[in-house]
Amino acid sequence: METRRKLKVQLLGFLFLAFFAVSLRASDPIFYESFDESFDGRWIVSQKDGYNGVWKHEKSEGHDDYGLLVSEKARKYAIVKELEKPVDLKEETVVLQFETRFQEGLECGGAYIKYLRPQEAGWVSKEFDNESPYSIMFGPDKCGGTNKVHFILKHKNPKSGEYVEHHLKSPPSVPYDKLTHVYTAILTPDNGVRILVDGEEKKKANLLSDDDFEPAIIPPKTIPDPEDKKPEDWDEREKIPDPEATKPNDWDEDAPMEIEDEEAEKPEGWLDDEPEEIDDPESTKPEDWDDEEDGEWEPLKIENPKCAEAPGCGEWKRPMKRNPAYKGKWHAPLIDNPAYKGIWKPQEIPNPNYFELSSPNFEPIAAVGIEIWTMQDGILFDNILIAGDEKTAESYRQTEWKPKFDAEKEKQKAEEAAAESAEGLSGIQKTVFDTLYKVADVKFLEAYRPKLIELIEKAETQPNITIGVLVSVVVVLATLVFKILFGGKKPAVQTPQAAQPTAAPETSSSKDSSEEKNDENEKEEANAPRRRTRRDN
């Protein structure tokens with residue numbers, strides 16, 4: 001029993017150590033670049049002619065996290081980081097992953113990474129350019145009709161010695177926003193490749209399948225014979241004109257397609273003597289016009305206003321109609337070609353460059369490079385990772401990418417909600433202002449109209465006080481109603497009047513004159529245009 005218990009303890013210990021080793025391996029990437037520190041002295045900027053784009057070590061907008069920034073538009077950029085040890089792609093799982101963010105959007109530009117072959121292939125870091133040999137090119141690219149997440153591998157044909165680019169068919173499209181996205185390519189020993197965008201699988205393919213890559217890594221067994229030529233008597237015409245057919249005697253090839261409509265009549269009121277255009281009476285010859293240099297000046301033409309009131313102007317012509325006798329040029333009907341042999345193709349011969357293999361013969365990755373020609377600035381690269389298992393890549397997505405993405409997503413939602421709210425509020429405010437202007441036009445508010453208009457116009461220039469203005473108008477209306485119902489003046493009590501002094505008629509006349517003047521002033525004020533300068537214009 002004691003022996004069995006010790007064995008169990010040892011087994012549990014072994015399992016624990018194995019789990020710990022696996023966990024340790026999953027947390028230890030082959031290569032990782034966070035750009036927390038400046039790239040100066042660690043990455044090599046290409047000095048090749050034409051590559052004058054300036055790389056910058058900048059924070060991602062809204063974050064304290066640094067990245068590698070494309071700072072200028074319409075430039076070529078190239079920068080490379082040599083690995084301490086080449087990465088073998090042949091027998092183990094390899095995961096390529098990096099983040100990129102289009103902070104200014106993406107109209108035309110690439111944000112892909114090239115995983116370069118060893119420098120024995122004939123390149124040096126200081127002259128890194130688009131000709132530098134790579135094993136894999138991976139990442140987003142969008143311009144014109146191109147919108148894809150590239151996955152391209154360069155594979156050497158063992159028969160010809162030529163390196164051929166093999167493109168993934170039907171690759172994923174590029175997310176079109178200004179958020180940080182993470183791109184992952186997982187290569188497995190069973191010749192599989194999976195493309196993930198933001199941790200979600202978007203494409204699964206087999207490296208050796210001609211259904212997944214163009215051209216296929218394994219070439220066809222046969223090819224068209226380049227020496228084969230089509231025989232001179234080879235007839236590819238499936239149909240031919242009937243040699244025994246003849247043109248009918250009543251077939252008129254010269255009959256026009258259209259003829260004048262003889263039944264048409266000129267509309268009444270047609271102005272035969274009026275031109276369709278006349279000289280613009282308001283057109284004047286420029287003061288600096290020189291007849292010798294500029295030629296004879298002619299006034300601008302405008303449409304004749306008389307023609308707008310009449311059926312038409314100028315010489316009337318009968319309209320055209322389709323000619324019922326038109327048949328066009330006669331052609332003999334087509335019949336099956338008795339000499340037809342089909343579309344000629346050269347004969348197939350064995351492909352001298354054909355080969356078979358059980359897995360791609362990848363060249364190792366010795367450096368990571370970014371070489372792009374972009375019309376877009378604000379492209380930020382971050383958290384470039386090469387790992388030996390999917391768990392490591394997933395761990396970095398969760399800890400490095402997801403918090404940033406979630407924060408950006410929440411900010412985007414808040415901005416969209418605010419924009420929708422502002423748009424809705426704008427519509428409500430317009431309705432409120434239109435209603436307030438109608439209220440200000442009510443007749444019994446004539447005395448208060450200037451003040452109301454002033455308040456409304458102020459609210460239009462400062463929409464945030466719309467509610468306050470609305471409350472003010474309601475208060476004014478309520479006050480007026482209260483005065484009408486409860487605050488009107490009581491009629492004066494009539495008392496016997498003593499004899500009026502002789503000056504009374506003059507006073508009465510003066511009072512009447514004053515009342516008429518007040519009436520005139522009130523009419524002028526009522527008829528004066530209101531000051532809706534901003535809205536009315």
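Biologist: In which loop is Ser-283 found?

Modeller: This is a predicted model, in which local features need pLDDT of at least 70 and side-chain atom pairs count only at pLDDT 80 or more, while totals for chains, interfaces and linings use all residues. Residues are numbered from 1 along each chain as its sequence is written, and side-chain values use heavy atoms, with hydrogens and water left out. Helices (H or I, at least four residues) and strands (E, at least two) are DSSP runs, numbered from the N terminus. On that basis, Ser-283 is found in the loop between β19 (277-279) and α2 (291-294).

Biologist: Is Ser-283 buried or exposed?

Modeller: The relative accessible area of Ser-283 is 17%. Buried means under 20%, exposed over 50% and partly exposed in between (1.4 Å probe, protein chains only). Ser-283 therefore counts as buried.

Biologist: Which backbone nitrogen lies 3.3 Å from a polar atom of the side chain of Ser-283?

Modeller: Ser-283 touches Trp-297, Pro-299 and Leu-300 (heavy atoms within 4.5 Å), not counting residues up to four places away in sequence. At 3.3 Å from a polar atom of the Ser-283 side chain lies the backbone nitrogen of Leu-300.

Biologist: What is the C-alpha to C-alpha distance between Lys-247 and Lys-329?

Modeller: Lys-247 has its place in the loop between β17 (239-241) and β18 (258-260), and is partly exposed, with a relative accessible area of 38%. Leaving aside residues up to four places away in sequence, Lys-247 touches Glu-253 and Trp-330. Lys-247 and Lys-329 are 82 residues apart in sequence, yet their C-alpha atoms are separated in space by 9.9 Å.

Biologist: What is the relative accessible area of Phe-35, a residue with a positive phi?

Modeller: Most residues other than glycine have a negative phi, and most peptide bonds are trans. Phe-35 has a phi near 60° and is found in the loop between β1 and β2 (44-45). Phe-35 is buried, and its relative accessible area is 0%.

Biologist: Does Ser-170 count as buried or exposed?

Modeller: Ser-170 likewise has a positive phi, near 50°. Its place is in the loop between β11 (163-168) and β12 (180-187). At a relative accessibility of 59%, Ser-170 counts as exposed.

Biologist: What is omega for the cis peptide bond that joins Glu-214 and Pro-215?

Modeller: Pro-215 is found in the loop between β15 (213-214) and β16 (222-224). The peptide bond that joins Glu-214 to Pro-215 is cis, and omega is about -10°.

Biologist: Which strand gives the largest share of the lining of the largest pocket?

Modeller: A pocket is an open set of points on a 1 Å grid over the protein atoms alone, with protein on both sides within 12 Å along at least five of seven lines; a cavity is a set where a 1.4 Å probe fits but cannot get out, and lining residues have an atom within 4 Å of a point. The largest pocket has a volume of about 350 Å³, and of its 20 lining residues the closest to the centre are Ile-30, Phe-31, Leu-83, Lys-85 and Val-87. At least two lining residues come from each of β1 (31-33) and β5 (75-87). The largest share, seven residues, is supplied by β5.

Biologist: How many residues does α4 supply to the lining of the second largest pocket?

Modeller: The second largest pocket holds about 300 Å³ of space. Its lining includes Glu-61, Arg-101, Lys-178, Glu-408 and Lys-411. From α4 comes the largest share of this lining, and the number of residues is five.

Biologist: How much space lies in the largest cavity?

Modeller: The largest cavity is lined by residues including Leu-89, Lys-90, Glu-92, Pro-189 and Phe-362. The space in this cavity is about 80 Å³.

Biologist: What percentage of the residues in the protein is buried?

Modeller: The secondary structure comes to eight helices and 25 strands. Of contacts with a separation of 6 or more, 74% are between residues 24 or more positions apart. Among the 537 residues of the protein, the buried share is 33%.

Definitions and conventions:
Grid points are joined across faces, edges and corners, and a volume is the space filled by probe spheres set on the points. A polar contact is a pair of N or O atoms within 3.5 Å; within protein, one must be able to donate a hydrogen and the other to accept it, and residues adjacent in sequence count only if both atoms are side-chain atoms.
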